[in-house]
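This report covers ring contacts, metal sites and charge pairs. Please keep the model open while reading.

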Amino acid sequence: MAIEAKHVRVRGIVQGVGFRPFVYRLARDGGLAGWILNAESGVEIHVEGQTEAIDGFVRSIEAQPPPAARIAELAVARADFQGFTQFVIRESAKQGVPTVRVSPDLPVCAACLRELLDPADRRYNYPYINCTECGPRFTIIRELPYDRERTTMAAWPMCGECFAEYHDPLDRRFHAQPVACPACGPQYHLQIDGRAIRAADSIAQAVQLLRSGKILAVKGLGGYHLACDARNAAAVFALRERKFRKERPFALMVSSVEVAKKLVELSPQAEALLVSVQRPIVLAPARASLDGIAPDNRELGVMLPYTPLHHLLFQAGAPDALVMTSANRSSEPIAYQDSDALNRLSGIADAFLIGEREIARRVDDSVARAGPFGPAVLRHARGYAPEAVASLPVTQPILALGADLKNSITLVVEGQAFVSQHIGDLNHFQAFEAFKETINDLCAMYEVRPDDLLIAHDLHPEYSSTAHALVMPGRHVAVQHHRAHVASVLAERREWESPVLGVSFDGTGFGDDGTIWGGEFFCGSLREGFTRVASLRPAQLAGGDAAARFPVQAAAGFLCQLSQAPDFCEPPFCFPQRYRQTQALLARNVRVFQTTSVGRLFDAAAALLGFTREISFEGQAAMWLEHIAAGSAPVAPYPFPLHGTELDFRPLLEALIADRLAGRNMSEVAAAFHAAVAAGIMEVVNARGLDIVVISGGVFQNALLMELLRKALGPRAWANQRVPANDGGISLGQAALASFASPDK
Ligand code: ZN
Ligand code: ZN
Ligand code: FE
């Protein structure tokens, strides 16, 4: 029998996820000798033994790695036989630049959950239980390499028992950096009316509060949540009022998949997302209507418990569906430091459930949907960040700063694109602070010197992110917003050369000509760049930013182009006074801009169907319109013809208005509008005759529109999956386009 030696190098997320003990056990089971080592760029394995056993060993590594590991690359090479007699885990090599990937945070695993609930276990009811396959990572790491001294667990030296587990290669807590137990680790308590209730009683008390309709602030992995009973309307409305959150949907945490199935229609794909290690909030069609949770929305967002503390709350009898929403007021970033949380949430929460372990950085819950184009991330945060979402053919380090709304940033190191967690709206002071912190954080984590960076930013001269880019050292590349949307899809798919028709529909982005774009068609590829070939017919946008908040104000800029129109202040439209004021602005041509925004076209349609008040969160009118359309059987689209290079909205709106005046069923009118938008896209697709169509931009968060496009385009269409179609994906697209603008290309 042949005996040989092989060297195996594995790259990806292979540190801090139980990879070495897993390989160690595999080697022992296969009767192999050699060693494994955490190196700078992954793990290195030297293995000796029979050829078949080595082959099986390599196959097993690839086929069944630990659940949280992500193998990006596995290379096997011949090595010199050295005659090892056993397999060992060698000490880590710690020199040079840490390009090892940081693992995202992980939900508590099944084995830890069993111990957590086992009265005989020494970690019974201890909410900081974890192992190499579960627990916090990104949210406790202060610096790399990932060792306990450089995490927020540094303050708690291990007891003898934890120490023994930590050093035993056969233990599932071998080198689990946050390992702890009630004897040595952090504690937690419930703070209510200035009193602190210690550990054991705190869960029971917290559950009591939730059951009696109180609002609880709960410290989680990446920040505080505000929790209350989702079926207690009084509690839900009190939370809305205290949080200054009028109508934006609340996410729910449910005790089990069974409860989720009662609340939403859970397809097998949606269920797979729900139970995935990322544990995102999953948007799915609502089956139950819960007062005040997601008004005028066809979907509900549900997630499963992911920290041991969440499980303890449900075990102790917490309501099986809890509102679990980021602890903040309105659109501020989520609170994650104890003093700040106590401060900012004092008027909102009735009590605080606080653990002692600090949170190193703010990370929100992620949001995802199993859409017609596969699973798609809509908010990229906990569980996903800071995973590399794409690789780019570039050696130059690139920092892309994203857009101002739903900001995220992307750092490209050695061709790996790391997309940050969702940061938020940079017009908000605290979000802008978080934006700067995240830049420093990512650059420090990957030891990139700011001077070496190529900085990519939006073309918009008035974006805060642009202003910040321009004060940073290094070279700069401005990337047009809608091209970045299209590029984000191609970057995810590593499609550098493919010529595509890119469709980019959103609310607002700065165009090449200085007008406000948002309904754009491009031809080109990542390598060659994108040429604008068509767009929505330009409409007027009166009054600047306010037009995005008042659908009737947006409507005025479209309706003024119709040759014949009724008085929209009369029934059935009943537009408020603001409409007249906007007409006056338009007539005098004061503060009037030009826009090709499809987002505003959706607002106009929503206004014509009755959404005539101010919106209370971005995208609300379009979501309302989708909600109304969802009740309709399939209908014929309104006409939305392509005239030259412009999709003409006038016949569309005229037909819609005629139907409203004729009293057609509202649901059908909304559905015919959605069908028209899909048909308009098909007009351009057919006119250009390209094989592949890329769709991206905030408008494509609309599930109904996506279903229509899936039917019309089939597999010819590519959409975002790993980064959001909204502006959360802009930074990846900027990085991709910048990498082809880089001198080393
Ligand atoms: Zn575990
Ligand atoms: Zn201990
Ligand atoms: Fe956008």
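## Aromatic contacts

Across the whole structure, a predicted model, there are 17 aromatic pairs. One aromatic cluster is formed by Phe 568, Phe 573, Phe 575 and Tyr 579.

Rings also meet charged groups. Arg 532 lies over the face of Trp 517, 3.8 Å from the ring centre. The charged end of Arg 240 sits over the ring of Phe 250, at 4.1 Å from its centre.

## The zinc sites

The zinc ion (ligand 1) has four protein donors: Cys 109 (SG), Cys 112 (SG), Cys 131 (SG) and Cys 134 (SG). They lie 2.2 to 2.4 Å from the ion. The four donor atoms subtend angles of 105 to 116°, so the arrangement is tetrahedral. In sequence, the donor spacing is C-x2-C-x18-C-x2-C. Cys 109 lies in the loop between strand E5 (87–89) and helix H3 (110–116), and Cys 134 in the loop between H3 and helix H4 (160–167), so the pair ties together parts 25 residues apart in sequence. Cys 109 is buried, with a relative accessible area of 15%. Cys 134 is buried too, at 0%.

The zinc ion (ligand 2) is held by Cys 159 (SG), Cys 162 (SG), Cys 181 (SG) and Cys 184 (SG), at 2.2 to 2.3 Å. Its donor angles run from 104 to 116°, which makes this arrangement tetrahedral. The donors follow the spacing C-x2-C-x18-C-x2-C. Cys 162 lies in helix H4 and Cys 184 in the loop between H4 and strand E6 (188–192), so the pair ties together parts 22 residues apart in sequence. Both Cys 162 and Cys 184 are buried.

## Helix H4

The buried residues of H4 are Cys 162, Glu 165 and Tyr 166. Seen down the helix axis, they fall within an arc of 100°, so they line one face of H4. The face turned away from this buried side carries the exposed residues Gly 160 and Glu 161.

## The iron site

Four residues coordinate the iron ion (ligand 3): His 481 (NE2), His 485 (NE2), Asp 506 (OD) and Asp 727 (OD). The distances are 2.0 to 2.2 Å. The four donor atoms subtend angles of 88 to 168°, which makes the arrangement irregular. Along the chain the donors are spaced H-x3-H-x20-D-x220-D. His 485, in helix H13 (residues 481–492), and Asp 727, in the loop between strand E31 (717–719) and helix H22 (730–741), link distant parts of the chain, 242 residues apart. Both His 485 and Asp 727 are buried.

## Salt bridges

The structure holds 35 salt bridges. One of them joins Arg 369 and Glu 299, with the closest N and O atoms 2.8 Å apart. This pair links strand E15 (residues 367–371) to strand E12 (residues 299–303), and its partners are 70 residues apart. Arg 369 and Glu 299 are both buried.

Arg 361 forms a salt bridge with Asp 441, with the closest N and O atoms 2.4 Å apart. Arg 361 lies in the loop between strand E14 (351–355) and E15, and Asp 441 in helix H11 (residues 429–445), so the pair ties together parts 80 residues apart in sequence. Arg 361 is buried, with a relative accessible area of 6%. Lys 406 and Glu 618 meet in a salt bridge at 2.8 Å, N to O. Salt bridges that share partners join Arg 122, Arg 123, Glu 161 and Glu 165 into one network.

Technical notes. Residues are numbered from 1 along each chain as its sequence is written. Chains are lettered from A and ligands numbered from 1 in the order in which they are written. This is a predicted model: local features need pLDDT of at least 70, side-chain atom pairs count only at pLDDT 80 or more; totals for chains, interfaces and linings use all residues. Side-chain values use heavy atoms; hydrogens and water are left out. Donors are N, O and S atoms within 2.8 Å of the metal (3.2 Å for Na, K and Ca); water is not among the atoms, so sites may look incomplete. Four donors count as tetrahedral if all angles lie between 85 and 135 degrees; four count as square planar and six as octahedral if opposite donors are over 155 degrees apart and all others between 65 and 115; anything else is irregular. Helices (H or I, at least four residues) and strands (E, at least two) are DSSP runs, numbered from the N terminus. Buried means under 20% relative accessible area, exposed over 50%, partly exposed in between (1.4 Å probe, protein chains only). The arc is that of the directions from the helix axis to the C-beta atoms. Rings of Phe, Tyr and Trp (its six-membered ring) pair if their centres lie within 6.5 Å; planes under 30 degrees apart count as stacked, over 60 as edge-to-face and the rest as tilted. A charge sits over a ring if NZ of Lys or CZ of Arg is within 6 Å of the ring centre and within 35 degrees of the ring normal. A salt bridge is a side-chain nitrogen of Lys or Arg within 4 Å of a carboxyl oxygen of Asp or Glu.
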